[in-house]
Amino acid sequence: MILEGINSGKRKSHEVKLASDLVIVGGGMSGTCAAITAAREGLKVCLVQDRPVLGGNASSEIRLWVLGATSHMGNNNRWAREGGVIDELLVENMYRNPEGNPIILDTILMEKVSLEANIKLLLNTSVYELEKKGDDQIDYIKAFCSQNSTEYLLSAPLFVDASGDGIVGFLSGAAFRMGAESKDEFDELFAPDEEYGELLGHSLYFYSKDTGKPVRFVAPSFANKELSKLPRFKTFNLREEGCRLWWVEYGGRSDTIVNSEDIKWELWRIIYGIWDHVKNSGQYEAVENLTLEWVGTIPGKRESRRFEGDYIMHQKDIVEQREHFDAVSFGGWALDLHPADGVYSDKPGCTQWHSKGVYQIPYRSMYSRNIKNLFLGGRLMSASHVAFGSTRVMATCAHNGQAVAMAAKLCKDKSLLPSGLSDIDHIKELQALLIQSGQYIPKTRLNLENDLLKDADIQVSSEFELNSLPFDGPWKSLEFSMAQLLPVSESKQLSVQIQVKAIKNSTLTLELRKSQKLGNFTLDELVEKQEISVNNGEHSYSIDFGYAPETAQYLAVCLMQNEDLEVKCSALRVTGVLSIFNKFNKSVATSSVQSPPDGIGIDEFEFWVPERRPQGHNLAFELGESLKVFGKNNLTNGIFRPAVQPNAWVASLEDKGPQMKVCWDSPQSIKEIKLFFDTDFDHPMESTLMGHPESEIPFCVKSYRIKDGQGNLLHAQDANHQTINTISFEDAISTDKLIFEIDHPSDTVPAALFGLLCK
Ligand SMILES: Cc1cc2nc3c(=O)[nH]c(=O)nc-3n(C[C@H](O)[C@H](O)[C@H](O)COP(=O)(O)OP(=O)(O)OC[C@H]3O[C@@H](n4cnc5c(N)ncnc54)[C@H](O)[C@@H]3O)c2cc1C
């Protein structure tokens with residue numbers, strides 16, 4: 001029994017002091033991915049999250065779908081899903097949760113964090129104060145957990161602020177901004193004026209459910225009953241729930257931090273007002289049996305403080321895809337701004353302008369310029385309001401979080417502060433560590449200098465040659481122009497035979513296109529055009545193109561729109577070979593051509609987007625000369641996804657036992673083997689609500705075996721669905737040969753591997 005008498009003074013909460021290598025504040029996707037990365041690199045991490053679960057805006061408390069550079073497959077960024085920890089999480093989520101239940105995502109995040117012994121996770125623990133060492137460093141932070149009535153004093157040499165609003169940066173005196181820059185500051189022609197507004201607001205979501213019997217709804221007294229004139233009601237439909245209600249936005253005209261609770265109340269007034277209108281206005285059919293299944297209680301916050309790093313990203317970095325010597329991550333979501341009046345505005349709920357391809361994110365935007373031991377994670381990174389419109393999405397934040405954590409590891413190893421890494425040599429080291437952990441940094445390849453494969457001879461049992469894709473798929477109407485992306489080697493000309501079906505005599509227009517910028521998939525350069533007269537019925541045609549590219553790259557054979565024609569597709573799917581269509585995804589664009597108004601510094605171009613499986617078949621074709629771009633040299637080229645070329649070794653489908661042998665002159669001591677499989681970086685894997693037709697990616701190798709030179713089995717896997725497989729040996733093995741027996745994923749998909757590392 002505890003018995004305490006009267007205390008005329010004050011009592012103190014229970015106090016716990018914790019020292020770590022890295023304290024991360026905020027368990028959104030950025031903080032969570034940073035924590036997992038740092039822990040795997042051996043850092044003792046303290047992850048502090050003020051709510052009961054991880055995930056931030058993606059958690060079951062708010063229920064946003066995690067998105068990034070793939071932009072719902074609605075822009076021209078091919079194979080652009082983020083890599084590393086966020087990839088592992090999304091692939092796992094799709095495997096366990098193709099239905100998109102946000103509660104399952106919670107469990108995956110909790111599981112992954114709890115599996116890391118180096119992470120001390122403090123849930124329900126809110127950071128509210130800190131102490132500094134001198135003017136420019138944080139000594140420790142103070143946090144309080146209301147559930148166990150404990151005050152934590154958390155010290156570390158390095159801190160990450162991934163709290164969204166930037167509690168650590170703010171309290172420590174880090175330079176920050178809130179609101180929009182003028183057009184002049186960074187020459188940003190898209191910078192909004194006061195009328196449009198300078199801040200993005202909060203949103204709250206709801207889910208509805210059909211109960212199978214009539215349900216009444218009596219609105220709470222605080223519901224706003226004056227909403228029937230909301231401009232958005234003109235297009236509102238009952239299929240909109242969860243994150244499709246992103247337009248229920250409010251608060252962009254006020255301080256989104258100090259007025260956050262007031263904003264939330266207004267959003268509740270709006271949500272219950274909307275539901276009252278739906279249920280009781282008589283304007284909606286089939287709503288009698290509907291009830292509110294869930295209404296958010298914590299608003300999703302879009303924007304507040306942005307902290308200043310040594311570099312502030314801005315519009316031109318994104319639109320012009322500027323390159324940075326210190327690139328450690330990338331983005332690709334549109335510049336996506338919203339009117340500050342939110343749901344009450346008569347303007348479109350958002351304005352999204354895409355760039356022609358993905359852009360690099362520099363390391364110098366990821367630490368505070370004046371608080372020397374503070375990294376910037378998530379949406380509060382160093383970017384202008386306009387650039388933030390793109391960098392703010394969660395997969396980008398998570399990918400940046402991984403970069404920050406890896407930088408923290410290097411800082412620890414070298415006793416440096418974050419800015420001490422921003423010279424070219426340290427950046428190269430950081431990039432190399434990141435790429436090995438799955439990070440994708442456009443235009444950057446891993447130098448294998450420290451890898452055992454550098455001195456190995458690699459032999460493979462077969463190499464896929466792209467000479468045809470069989471005519472065994474469905475017919476596809478040319479209702480939209482269709483392009484087949486083909487990885488073409490330097491100086492190669494294409495000769496393509498296809499099958500066309502016409503319902504009446506017509507003309508097929510073919511265009512051979514490329515992208516002006518190597519590595520983009522915007523198809524903004526026409527290199528050749530041909531027309532073919534097609535008679536009613538089914539026919540085969542051979543087309544010879546005279547163009548030969550100066551460097552290896554993807555070319556697009558475009559079959560231009562003609563509703564009288566269909567083309568034969570193939571059931572075969574091959575890593576790095578894809579069809580795309582000149583259409584648009586209305587979630588992220590308003591037309592199949594991006595046509596910005598003059599004077600906002602945005603490019604006009606066409607969208608060429610893929611279709612989601614089970615659609616998205618390749619065009620069936622035969623080539624005059626095969627494309628030999630799937631060879632074993634791709635295994636060690638230091639790029640682990642399709643970019644300018646497929647970058648994968650692909651086995652031939654006729655090869656019934658694909659094998660790769662890695663041979664050295666003398667026995668090697670091997671502690672770790674890493675394999676990089678194809679989980680289709682083109683697929684966005686939205687985490688919530690949307691659902692996916694498959695739980696495993698058809699390109700991904702499921703089963704393989706690794707043997708040593710004597711034929712001893714070192715490792716067998718028969719149920720893989722992940723991108724990166726890391727095989728660690730407690731005691732290093734010694735062998736002069738490794739044999740990998742890799743099974744094709746299916747009869748219509750050949751086995752592929754982007755890379756292999758041996759340490
Ligand atoms: C309505 C809406 C729609 C959006 N649409 C999308 C979309 O479709 N896809 C997409 O990817 N992105 C979308 N975004 C953007 C995206 O959700 C945010 O930009 C992103 O979540 C920012 O990530 P973060 O990790 O910085 O912050 P958050 O996800 O907010 O995570 C920060 C975490 O820090 C915690 N925290 C805050 N203060 C403290 C403290 N004092 N102590 C301890 N912990 C603290 C918070 O509880 C939170 O869990 C949308 C945003 C909103 C609001």
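Asp326 and Arg364 join their side chains in a salt bridge, with 2.6 Å from N to O. Asp326 sits in the loop between helix 6 (315-319) and strand 15 (327-331), and Arg364 in the loop between strand 18 (359-362) and strand 19 (374-376), so this pair ties together parts that are 38 residues apart in sequence. Both partners count as buried: Asp326 has a relative accessible area of 0%, and Arg364 has 18%.

Please keep in mind that you are looking at a predicted model.

## Ties across the sequence

How many salt bridges does a search of the whole structure find? The count is 48. One of them links the side chains of Asp524 and Lys356, at 2.9 Å from N to O. Asp524 belongs to the loop between strand 25 (506-514) and strand 26 (525-534), while Lys356 belongs to the loop between strand 17 (351-353) and strand 18, so the pair ties together parts that are 168 residues apart in sequence. Asp524 is partly exposed at 23%, whereas Lys356 is buried at 15%.

Salt bridges can also form a network, and here one links Arg177, Glu181, Glu185, Glu303, Arg306, Glu308 and Arg369.

## Around the ligand

Oxygen atoms of the ligand take part in several polar pairings. A polar side-chain atom of Asp50 is 2.5 Å from a ligand oxygen, and one of Arg51 is 3.2 Å from a ligand oxygen. For Met394, a polar backbone atom lies 2.7 Å from an oxygen of the ligand. Taken alone, the ligand exposes 980 Å², and the protein buries 93% of that.

## A patch and a hidden serine

Which residues form a nonpolar patch on the surface? They are Phe170, Leu171 and Phe176, with about 240 Å² of accessible area together. Phe176 lies in strand 9 (residues 176-177) and is partly exposed, at 33%.

Ser172 is found in helix 4 (residues 167-172). Ser172 is buried, with a relative accessible area of 0%, and a polar atom of its side chain lies 2.8 Å from the backbone oxygen of Val168.

Notes. Residues numbered from 1 in each chain as written. Predicted model: local features only at pLDDT ≥ 70, side-chain atom pairs only at ≥ 80, totals over all residues. Heavy atoms only, no water. Polar contact = N/O pair within 3.5 Å; in protein donor to acceptor, adjacent residues only side chain to side chain. Areas by Shrake-Rupley, 256 points an atom, 1.4 Å probe, with all protein chains shown as cover. Patch = residues over 30% accessible without salt bridge, like charges linked within 9 Å, V, L, I, M, F, W, Y side chains within 5 Å. Salt bridge = Lys/Arg side-chain N within 4 Å of Asp/Glu carboxyl O. Helix = DSSP H or I, 4+ residues; strand = E, 2+ residues; numbered from the N terminus. Buried < 20%, exposed > 50% of the residue type's maximum accessible area, 1.4 Å probe, protein only.
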